[in-house]
Every structure is written in C-alpha cells, then in structure tokens.
Amino acid sequence: FDEMNKVIKRMVEKINTDYENSRFFTEDASHEMQTPLSIIRSKTDLLMQNSSIMEDKENEKYIKAISRAVSRLSKLNKSLLLITKINNNQYAEKKNLQLEERLKLYLSDLQELFEAKKINVKTNIQTCNVYMNPDMTEIMLSNLLSNAIRHNLPNGWIDICLNESELIICNSYK
C-alpha cells in the first residue's frame with residue numbers, strides 16, 4: 001500500500017501542478033493580449049474612418065473582416081479574464097441583493113432593443129433576495145438576456161419568470 005500511496009500522491013501533485021501552470025498561463029496570456037487587441041481595434045477604427053481607403057470595396061471588405069475578428073478575440077479574452085478572476089476568488093465578496101430590482105433595470109435598458117427586434121417580452125417577476133457577488137449577478141443577467149435576444153426568432157418572444165427560488169428565461173429560438 002505504501003508504494004501505491006506514493007504513486008497516487010505523485011499523480012495528484014502532478015495534476016495540481018499542471019492545473020496551476022494552466023491557470024497562470026491563461027491569466028498571463030489574457031493580460032498580455034489586452035494591449036495588442038486594443039491597438040489593433042483602434043487602428044482598424046482609424047482605417048474605417050478614412051474615406052479614401054474605405055471607398056475601395058476590397059479594402060472595405062478586408063478591414064471589416066479584421067474588425068470582426070478582433071471583436072471575437074476581444075470577447076474571448078474577456079471570457080478568459082473572467083474565468084481567471086473566478087478561479088482566483090476575486091468575486092468572493094457577496095452581498096444580499098434584490099434580484100428582481102436588477103432584472104427590472106436590465107429589462108428597462110433593453111426595451112428599445114426588444115422593440116427593434118420585435119420581440120414580445122412577458123414577465124412574472126416576484127421578490128427574490130439572493131446572497132451573491134454583485135458583479136457576477138450583473139454578468140449572469142446580462143448573459144442570460146443577451147442570449148435570449150441573440151438566439152431568438154424575428155417577431156419572437158421571451159418569457160421571464162422570477163420567484164423566491166428560481167429564475168427562468170425561455171425564448172423562441174432559431
């Protein structure tokens with residue numbers, strides 16, 4: 001048993017070391033990517049504002065493709081940074097929050113978008129007190145509502161139900 005325990009212990013230590021190395025790499029890589037992505041985005045924006053460059057349809061096509069790719073990379077980078085912050089317990093602070101107030105505020109902010117996309121929103125929102133990190137609450141609500149809009153049909157619908165024990169967001173989908 002001693003030999004087997006030593007092997008298991010070495011394996012666990014190796015797994016922990018690999019995990020830590022991976023976590024540090026993700027954190028370092030995400031931070032290092034921020035500056036070049038910002039530079040590429042700002043230079044691309046400058047190119048897009050230059051009418052003599054953009055009047056050539058080939059240039060316009062390439063520059064817009066670069067802009068879309070940089071946007072995707074920026075979103076990926078933000079996701080990596082979020083994962084890193086979660087893993088580093090940077091969202092450990094928790095507070096008592098009234099989720100219904102935050103949800104109603106988000107819905108109010110999105111009202112014009114719902115109207116523009118002709119999405120019918122039906123709500124049944126009751127009081128819901130939660131004990132969680134305020135930043136993570138914002139991210140959660142933003143992601144859930146953005147996805148319900150993004151993955152919806154034209155003239156679709158979103159049903160939102162919040163009570164003291166659950167939040168349910170349903171939508172028509174593609």
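Predicted model: local features only at pLDDT ≥ 70, side-chain atom pairs only at ≥ 80, totals over all residues.

Biologist: Is Asn 133 buried or exposed?

Modeller: Apart from residues up to four places away in sequence, Asn 133 touches Tyr 91, Ala 92, Glu 93, Lys 94 and Leu 97. Its relative accessibility is 5%, and the limit for a buried residue is under 20%. Asn 133 therefore counts as buried.

Biologist: Which residues does Glu 93 contact, leaving aside its neighbours within four places in sequence?

Modeller: Glu 93 is placed in the loop between α3 and β1. At 48% relative accessibility, Glu 93 counts as partly exposed. Its contacts, with those neighbours left aside, are Met 132, Asn 133 and Pro 134.

Biologist: How far apart are the end C-alpha atoms of α6?

Modeller: Helix α6 has 17 residues. At 1.5 Å a residue, α6 should span 24 Å, and the model agrees with this expectation. The end C-alpha atoms of α6 are separated by 24 Å.

Biologist: Within what arc do the buried residues of α6 fall, seen down its axis?

Modeller: The buried residues of α6 are Pro 134, Thr 137, Leu 141, Leu 145, Ala 148 and Ile 149. In general, an α-helix has 3.6 residues a turn, so residues three or four places apart point the same way. The buried residues of α6 line one face of the helix, because they fall within an arc of 100°.

Biologist: Which residues have the most contacts inside the largest nonpolar core?

Modeller: The largest nonpolar core has 17 residues. Among the elements that each supply at least two residues of this core are α4, α6 and β4. Leu 103, for its part, touches residues including Ile 125, Leu 141, Leu 145 and Ile 160. The residues with the most contacts inside the core are Leu 103, Phe 114, Leu 145 and Ile 158.

Biologist: Which residue caps the N-terminal end of α3?

Modeller: Helix α3 runs over residues 57-87, and its end C-alpha atoms are 45 Å apart. At the N-terminal end of α3, a side-chain oxygen lies 2.8 Å from the backbone nitrogen of Glu 58. The residue that provides this oxygen is Asp 56.

Biologist: Against which helices do the buried residues of α3 pack?

Modeller: The buried residues of α3 include Glu 60, Ile 63, Ser 67 and Val 70. The elements they pack against are α1 and α2.

Biologist: How many disulfides does a search of the whole structure find?

Modeller: A disulfide requires two cysteine sulfur atoms within 2.5 Å. For Cys 128, which counts as buried at 4% relative accessibility, the nearest cysteine sulfur is that of Cys 161, 10 Å away. For Cys 161, which is partly exposed with a relative accessible area of 24%, the nearest is that of Cys 170, 8.7 Å away. The number of disulfides found in the whole structure is zero.

Conventions
Residues numbered from 1 in each chain as written. Heavy atoms only, no water. Helix = DSSP H or I, 4+ residues; strand = E, 2+ residues; numbered from the N terminus. Expected span 1.5 Å × (residues − 1). Buried < 20%, exposed > 50% of the residue type's maximum accessible area, 1.4 Å probe, protein only. Contact = heavy atoms within 4.5 Å. Polar contact = N/O pair within 3.5 Å; in protein donor to acceptor, adjacent residues only side chain to side chain. Core = buried A, V, L, I, M, F, W, Y, C linked by side-chain atoms within 4.5 Å. Arc of directions from axis to C-beta.
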